Amino acid sequence: MGERFRTEINRFSREDDYPASATGAGSMFWMHPTKETVRSVRDARQGHEFAAPGLRLLYRKNGLHIPPNHGLLCSEHSDEDITQLIEIHKSSMEELRAQGVWLEHAVSAAEK
């Protein structure tokens, strides 16, 4: 389940040029507002300064409550739950871009 989440979110980020990546191991996951590989806490703090708190607020707005450092999946989560988790993450990223966060990244990518 964790691998499905990370794979789908990272594919979405690449295809739509979001500076974000999902990391984790097994059932643990988290989103980072950077395309760079996250290997340390310092790496995790890279990226747009408003993206991480913006994502957390949008998750809550959409009914997703995740602790501030990582999310965990368990055997009680269904395929539908994972699909909903993925869709909430995607729509939150889209809303951040629509609000101007990451907009400069989308513009610079379009100019390439």
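This is a predicted model: local features need pLDDT of at least 70, side-chain atom pairs count only at pLDDT 80 or more; totals for chains, interfaces and linings use all residues.
Reader: Where does K90 lie?
Author: K90 is part of helix 4.

Reader: And which residues does K90 touch?
Author: Leaving aside residues up to four places away in sequence, K90 touches I9 and F12.

Reader: Let us follow F12, then. Where does F12 lie, and is F12 buried or exposed?
Author: F12 belongs to helix 1. Its relative accessible area is 10%, so F12 is buried.

Reader: What else does F12 touch?
Author: With residues up to four places away in sequence not counted, F12 touches D17, Y18, K90, M93 and E94.

Reader: How far is F12 from S92?
Author: Their C-alpha atoms are separated by 12 Å, and F12 and S92 are 80 residues apart along the chain.

Reader: You mentioned D17. Where does D17 lie?
Author: D17 sits in the loop that runs between helix 1, residues 2-15, and strand 1, residues 21-25. The backbone of D17 deserves a remark: phi is near 55 degrees, which is a positive value in a residue other than glycine.

Reader: Let me step back to the whole chain. How many helices and strands does the chain have?
Author: The chain has five helices and three strands. Read along the sequence, they follow the pattern α-β-β-α-α-β-α-α.

Reader: Why is the chain said to be as compact as a globular protein of that length?
Author: The radius of gyration is 13 Å, and the globule rule gives 13 Å for 112 residues; the two values are close, so the chain is as compact as a globular protein of that length. Along the principal axes, the C-alpha atoms fill a box of roughly 45 × 30 × 25 Å.

Reader: How much of the chain counts as buried?
Author: Of the 112 residues, 37% count as buried. The accessible surface of the chain comes to about 6,800 Å², and 50% of that surface belongs to carbon and sulfur atoms.

Reader: What about contacts between residues at least 24 apart?
Author: Taking the contacts between residues at least 6 apart in sequence, 57% join residues at least 24 apart.

Reader: And how many positive and negative side chains are there?
Author: There are 14 positive and 17 negative side chains. The centres of the two sets lie 6 Å apart.

Reader: Now to helix 3. Which of its residues are buried?
Author: Helix 3 spans residues 51-61, and its buried residues are A51, G54, L55, L58 and Y59. They cover an arc of only 140 degrees around the axis, which means that they lie on the same side of helix 3.

Reader: What covers the buried residues of helix 3?
Author: The cover includes strand 2, residues 28-32, and helix 4, residues 79-98.

Reader: What follows helix 3?
Author: Helix 3 is followed by G63, whose phi is positive, near 85 degrees. G63 is found in the loop between helix 3 and strand 3, residues 71-72.

Reader: Is G63 buried or exposed?
Author: G63 is exposed, with a relative accessible area of 52%. The C-alpha atoms of G63 and A22 are separated by 19 Å, and these two residues are 41 residues apart along the chain.

Reader: What about the loop between helix 2 and helix 3?
Author: H48 lies in that loop, helix 2 being residues 41-44. H48 is partly exposed, with a relative accessible area of 23%. Its C-alpha atom and that of A20, 28 residues apart along the chain, are separated by 9.6 Å.

Key
Residues are numbered from 1 along each chain as its sequence is written. Side-chain values use heavy atoms; hydrogens and water are left out. Helices (H or I, at least four residues) and strands (E, at least two) are DSSP runs, numbered from the N terminus. The radius of gyration is taken over C-alpha atoms; the globule rule is 2.2 Å times the number of residues to the power 0.38. Buried means under 20% relative accessible area, exposed over 50%, partly exposed in between (1.4 Å probe, protein chains only). Contact means heavy atoms within 4.5 Å. Accessible areas come from the Shrake-Rupley method with a 1.4 Å probe; for residues, only the protein chains shown count as cover. Lys and Arg count as positive and Asp and Glu as negative; His and the chain ends are not counted. The place of a charge is taken as NZ of Lys, CZ of Arg, CG of Asp or CD of Glu. The arc is that of the directions from the helix axis to the C-beta atoms.
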